[in-house]
Amino acid sequence: MSNVTNILVAGVGGQGVMTATEILAEAAISLGHDVKKTEVAGMSQRGGVVTSHLRFGLKVLSPKIAPGEADIIVGFESAEALRWSHYLKQGGIVLMNTARLEPPVVSGGLYSYPCDPAAQIRASCIEVIAFDAMAIAKQLGDLRLGNSVMLGAIADYLPFPAEVLLESILGRFKARKPEMVELNRRAFTAGRDTIANLVPAEA
Amino acid sequence: MAGIQAVAAPARMLLSGNEAIARGVWESGVRVASAYPGTPATEMLENLSHYPDLYAEWSVNEKVALEVAIGASIAGSRSFCAMKHVGLNVAADALMTLTLTGAAGGLVIAVADDVGLSSSQNEQDSRYWGRFAHLPLMEPADSQEAYDMVATAYAVSEQFQVPVILRLTTRICHVKAMVSVGKRVPHDSAGFVKNPRRWVMTPGFARDRIALMFEREEQLRAAAEKSPLNFIAAGRDRRVGYIASGPAWMHVQEAFPGAPALKLGFSYPAPIGKIRAFARTVDQLLVVEELEPLLENEIKAAGIACHGKDLLPRQGELPPEVLRPAVARLLGEVPPGTPATARLEPAQVFPRPPTLCGGCPHLGIYYTVARIPNTIVAGDIGCYTLGSGHPWNALDAVVCMGASMGMALGLDKGRAETDKGKKILAVIGDSTFMHMGMQGLLDITYNRGNVTILLLDNRTVGMTGGQDNPGTGRNLYGTPAPKVDFVKICEALGVRPERIRKVDPYQLPVLFKALREETLIAEPSVIITDRPCVLIGEFKRQPSYRVDPDKCSGCGGCVDIGCPAISVVRREKVARRTGKEATLEFAAIETAACTGCGLCLSPCAPKAIVVATPVQAINFVKS
């Protein structure tokens with residue numbers, strides 16, 4: 001279905017992958033899209049792989065994105081962006097956090113972590129935008145802002161205005177933690193600006 | 001979640017299948033709902049606890065949950081019972097006679113199969129239960145259908161006085177989709193009507209009910225033939241016609257938009273008449289059903305030619321990328337690659353299996369168990385199943401909930417002469433122990449088994465996301481409930497008081513000593529640990545630690561704990577005095593992920609682990 005936008009968000013349990021996708025879904029709903037969202041996260045908080053599939057458009061049938069059909073892959077973690085990169089369609093884009101989270105099997109020496117996941121994805125002629133979202137979040141004073149930084153980073157690659165996504169983030173915090181609204185606005189803007197500054201340099 | 005009822009009905013909302021079903025159950029005027037937590041079914045009852053005007057409970061296991069629902073139905077009230085696929089195995093005893101009594105108040109049993117095994121020990125097909133128990137079975141394909149089907153299921157349940165199985169899969173339960181919801185229609189209880197011929201299943205009374213059960217099945221088949229839940233989506237490309245149910249329906253629609261397809265929502269008893277009529281309109285028939293070829297076999301038995309598992313896998317989901325090449329083969333076409341794919345082959349990346357959390361109270365248990373020589377360890381179902389993984393490799397057998405007990409006894413009684421010196425251990429969690437482990441312990445004490453039991457009470461059902469149970473002192477609503485005393489239970493089940501020990505799982509030397517002692521004593525003993533799961537509110541974080549790199553000698557002692565907050569930053573090969581080569585592992589602690597449990601302190605030979613200066617910490621507990 002060509003009228004459907006497919007966004008695959010990938011990361012590690014505990015990173016906020018599911019929340020980020022939920023916020024993207026809310027933004028799409030606010031514009032009247034039909035939406036389906038599914039994840040593979042059996043033991044999501046146990047440090048395992050988490051992927052969240054978001055599909056929106058006029059009418060969404062299967063909730064699952066097929067390999068080769070994702071318009072955007074949002075990688076919350078470097079190796080996870082690489083792991084799912086074959087889900088990207090031709091002409092799609094990978095936006096990824098350069099953070100590396102080594103699981104115990106890597107740290108314990110059973111497997112090795114890829115040297116440069118972003119470069120490895122680029123080698124398949126895929127457009128990759130990689131940046132350190134956690135560093136930005138840390139600078140703003142709270143690692144949990146990483147989620148809003150990531151959403152800010154993809155905001156200008158969506159088929160709807162960035163402001164719609166921002167509203168959907170802030171709407172969440174207005175209801176639950178009003179004191180966090182301003183910080184998240186700054187995180188979103190920081191993510192968005194970082195990408196805007198990165199892209200011309202790479203082109 | 002609390003916001004669900006606040007939304008003015010009718011409204012359109014983004015709901016998971018589980019949330020949609022909870023909404024449908026509430027709207028249907030259900031009075032009693034019960035479940036034992038289990039992925040992917042857990043959130044149905046969690047959500048129901050947010051709705052007013054009904055009673056919802058965590059039951060101790062699925063069999064009890066179903067019995068509660070049966071009782072409420074006999075009382076004349078609408079009742080609801082939810083469980084994961086393996087839960088219905090536990091409840092099967094009740095189910096197989098419930099089909100004889102039938103239901104008074106509408107009774108719907110939601111059973112969620114874990115197709116693809118996201119968090120289960122097997123991948124069984126619960127549609128068999130409809131056939132085995134001669135019960136009607138409905139299969140939604142998304143959240144909206146799940147919501148709608150609940151109302152239909154209650155109507156069918158009361159019209160035919162029969163419990164209805166609502167068969168779900170992970171791809172229904174955990175997919176969020178748009179749902180138009182309605183309003184609650186109260187449904188008053190009809191009241192209990194004394195009728196032993198109906199409700200007391202002695203052989204004499206049951207015999208009469210068996211004939212009625214078969215009669216009912218034929219009436220249900222006629223109802224399925226007419227049901228709007230079984231409908232045809234017209235299509236022009238008649239080379240292949242599809243029959244699909246559950247999430248496979250959406251995948252068929254996605255993969256073959258131009259093809260005629262018959263959707264089976266009321267899939268058992270299968271509407272063979274409708275299927276036969278549909279088959280006549282297409283060149284070839286392909287049955288697209290996840291897991292077992294149940295519809296396929298019934299369709300073939302009715303003399304209708306079809307394809308199915310000759311082309312499609314019997315395991316896992318059937319998404320478009322599986323369906324398209326299979327159908328291309330059927331049509332003799334070149335199987336489509338994924339032409340739009342940017343990268344054809346998946347990248348080779350290390351596995352990232354789920355693991356125990358930083359500071360998890362189970363870490364020290366498995367660190368210790370792995371260091372007790374000459375053991376056979378029977379494990380159980382829960383977070384602590386992860387003890388089978390790296391670096392502990394501490395479990396030797398895991399089958400189903402409560403099985404650690406019986407298996408340990410069998411390992412003891414069935415041991416070979418060569419295994420005579422082996423120590424038999426069983427590891428079980430608090431909720432699993434109450435679910436199905438207590439009977440096994442009774443069997444161990446009754447039959448004088450030589451087993452050491454580790455009862456890991458982390459004060460929650462951890463793996464499913466932290467649900468309450470009789471050991472937490474709270475019920476489904478989070479309100480105070482009588483709290484089980486595990487020491488007293490073990491005593492009552494026949495373990496001698498001297499052989500029951502409570503140990504702090506963070507005190508490694510104490511834990512090691514207790515395990516050594518108890519495994520050397522040839523009688524049942526229970527070691528109970530009771531520190532809370534790090535993901536629940538009761539867990540109190542301590543100041544984080546860090547590794548002083550100047551002091552770290554690379555001994556690797558802390559790495560063996562298996563804490564995900566500890567990582568190796570550098571490896572060095574060195575020659576020992578003996579001439580053997582050894583690898584030094586210099587470690588670091590991710591301070592933000594460290595909960596300050598202190599487990600890594602005692603294995604650190606050079607005492608290089610020190611309290612970190614205050615840094616910002618990631619809080620695992622959901623606020």
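Mentor: Two residues are in contact if their C-beta atoms, placed from the backbone, lie within 7 Å. Please note that this is a predicted model, in which local features need pLDDT of at least 70, side-chain atom pairs count only at pLDDT 80 or more, and totals for chains, interfaces and linings use all residues. Residues are numbered from 1 along each chain as its sequence is written, and chains are lettered from A and ligands numbered from 1 in the order in which they are written.

Trainee: How many residues of helix α11 of chain B are buried?

Mentor: A residue is buried if 20 or more other C-beta atoms lie within 10 Å of its own, exposed if 12 or fewer, and partly exposed in between. Helices (H or I, at least four residues) and strands (E, at least two) are DSSP runs, numbered from the N terminus. In helix α11 (residues 247-255) of chain B, nine of its nine residues are buried, among them B:Trp249 and B:His251.

Trainee: Which elements do the buried residues of α11(B) pack against?

Mentor: Their partners in chain B are β7 (164-169), α8 (170-173), β10 (240-244), β11 (261-264), β13 (284-288) and α14 (320-330).

Trainee: Which residues touch the most other members of the largest nonpolar core?

Mentor: In general, nonpolar side chains tend to be buried together in soluble globular proteins. A nonpolar core is a set of buried Ala, Val, Leu, Ile, Met, Phe, Trp, Tyr and Cys residues joined through C-beta atoms within 7 Å. Here the largest one has 243 residues, and A:Ile73, B:Ala110 and B:Val288 touch the most other members. Helix α1 (residues 17-30) of chain A gives the largest share of this core, eight residues. Leaving aside neighbours within four places in sequence, B:Val288 has contacts including B:Ala248, B:Val252 and B:Leu323.
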